[in-house]
Amino acid sequence: MADKKLVAATFTPFDSKCEVNLSQIGPYIDYLTKRQGVKSVFVNGTTGESLSLSVAERKMLAEEWCKKAKGKMEVIVHVGCMSLKDSQELARHAVEIQADAIAVMAPFFLKPKTAEALRLYLQEVALAAPILPFYYYHIPAITGVHVPARDVIANIQELIPMFRGVKFSDTDLMDLGQCVSSSPPQWSFLYGVDEQLLAGLAMGADGAAGSTYNYLGCHANKLIAAFKNCDLDRAREIQFKLQELLSCARNFGFDLGVNKQLMINVSGLLLGPPRLPVMPCPPSNVQAIAKKYLEIFPEC
Ligand SMILES: CC(=O)N[C@H](C=O)[C@@H](O)[C@H](O)[C@H](O)CO
Ligand SMILES: CC(=O)C(=O)O
């Protein structure tokens with residue numbers, strides 16, 4: 001079985017005024033590589049609040065991540081925007097800064113109505129970065145674009161020669177299965193519903209990309225290793241622990257604000273508040289979740 005990849009979808013470090021704080025990116029990379037065993041990041045995605053950032057801010061962040069990660073981690077830069085022009089600008093920039101790959105979600109103000117419309121849109125973005133591996137970022141719960149991923153990627157290599165896979169953030173495991181079974185083996189399907197990663201792996205996902213791997217990377221790596229060793233009891237044990245933590249977090253209204261504050265509590269990194277409209281979470285509210293984290297995962 002080929003190596004399976006674990007990708008952390010990064011938070012965007014802000015200062016107390018909600019301005020991008022690049023100084024935390026070096027320490028963030030050290031934390032992920034040394035403490036969590038994470039060797040790939042997905043920058044400027046959902047967790048990174050990309051659609052709440054300006055294009056200039058996204059460029060600054062992507063550049064700093066690529067610069068500091070060089071030789072240490074793989075960097076996938078999400079360049080999806082509401083405007084094709086902005087996405088193309090970010091895709092060109094990703095080439096300049098030598099990102100390892102780009103990913104694009106469906107635009108969701110004026111939504112593509114068909115798989116063909118979405119494929120044509122993705123192609124136009126890909127043309128701005130023709131040398132970079134390209135991933136489609138499927139996250140229908142957020143975009144409201146419910147075209148099955150299977151339909152989006154049908155014959156997509158004819159339009160996007162560098163197409164390499166999907167970041168699949170949806171619970172529809174039949175759609176995932178159909179993506180896997182209809183695709184060439186060199187494509188990667190990275191599963192993005194952390195609560196049920198094991199089910200995604202069982203359906204043939206090549207790895208995982210998600211927000212919780214910022215602070216649960218080392219456990220997710222163990223889950224993946226257990227799955228590869230066919231030790232399903234052990235894999236399930238870890239998955240159930242992760243579910244227990246996230247179910248506790250849900251009781252406190254688990255959203256990006258809570259998620260970011262949990263990462264701050266666990267890692268000690270200075271990531272700041274989220275940006276409006278996401279509301280900041282008072283540190284005291286997260287203490288119960290952080291306590292649960294330490295109870296469930298006393299060590300890596
Ligand atoms: C909506 C969202 O942000 N999904 C993420 C990935 O795509 C996941 O990593 C979740 O944050 C995670 O599964 C926790 O619910
Ligand atoms: C969670 C995730 O994968 C993202 O932030 O895009």
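## Ligand 1

Ala, Val, Leu, Ile, Met, Phe, Trp, Tyr, Cys and Pro count here as nonpolar, Asp, Glu, Lys and Arg as charged, and the others, Gly among them, as polar. On that basis, the shell around ligand 1 holds five nonpolar, seven polar and two charged residues. Ser-169, Gly-192, Asp-194, Gly-210 and Ser-211 come nearest among the 14 residues around this ligand; a residue is near if its C-beta atom, placed from the backbone, lies within 6 Å.

This is a predicted model, in which local features need pLDDT of at least 70 and side-chain atom pairs count only at pLDDT 80 or more, while totals for chains, interfaces and linings use all residues. Residues are numbered from 1 along each chain as its sequence is written, and chains are lettered from A and ligands numbered from 1 in the order in which they are written.

## Ligand 2 and Thr-47

Around ligand 2, the shell has three nonpolar, eight polar and no charged residues. Among them are Phe-42, Thr-46, Thr-47 and Gly-48.

Thr-47 is listed by UniProt, in an unreviewed entry, under "binding site"; such annotations may be inferred rather than shown by experiment. Thr-47 counts as buried because 25 C-beta neighbours lie inside 10 Å, where 20 or more means buried, 12 or fewer exposed, and anything in between partly exposed. Beyond its neighbours within four places in sequence, Thr-47 is in contact (C-beta atoms within 7 Å) with Ala-9, Thr-10, Phe-11, Ser-211 and Leu-256.

Conventions: Two residues are in contact if their C-beta atoms, placed from the backbone, lie within 7 Å.
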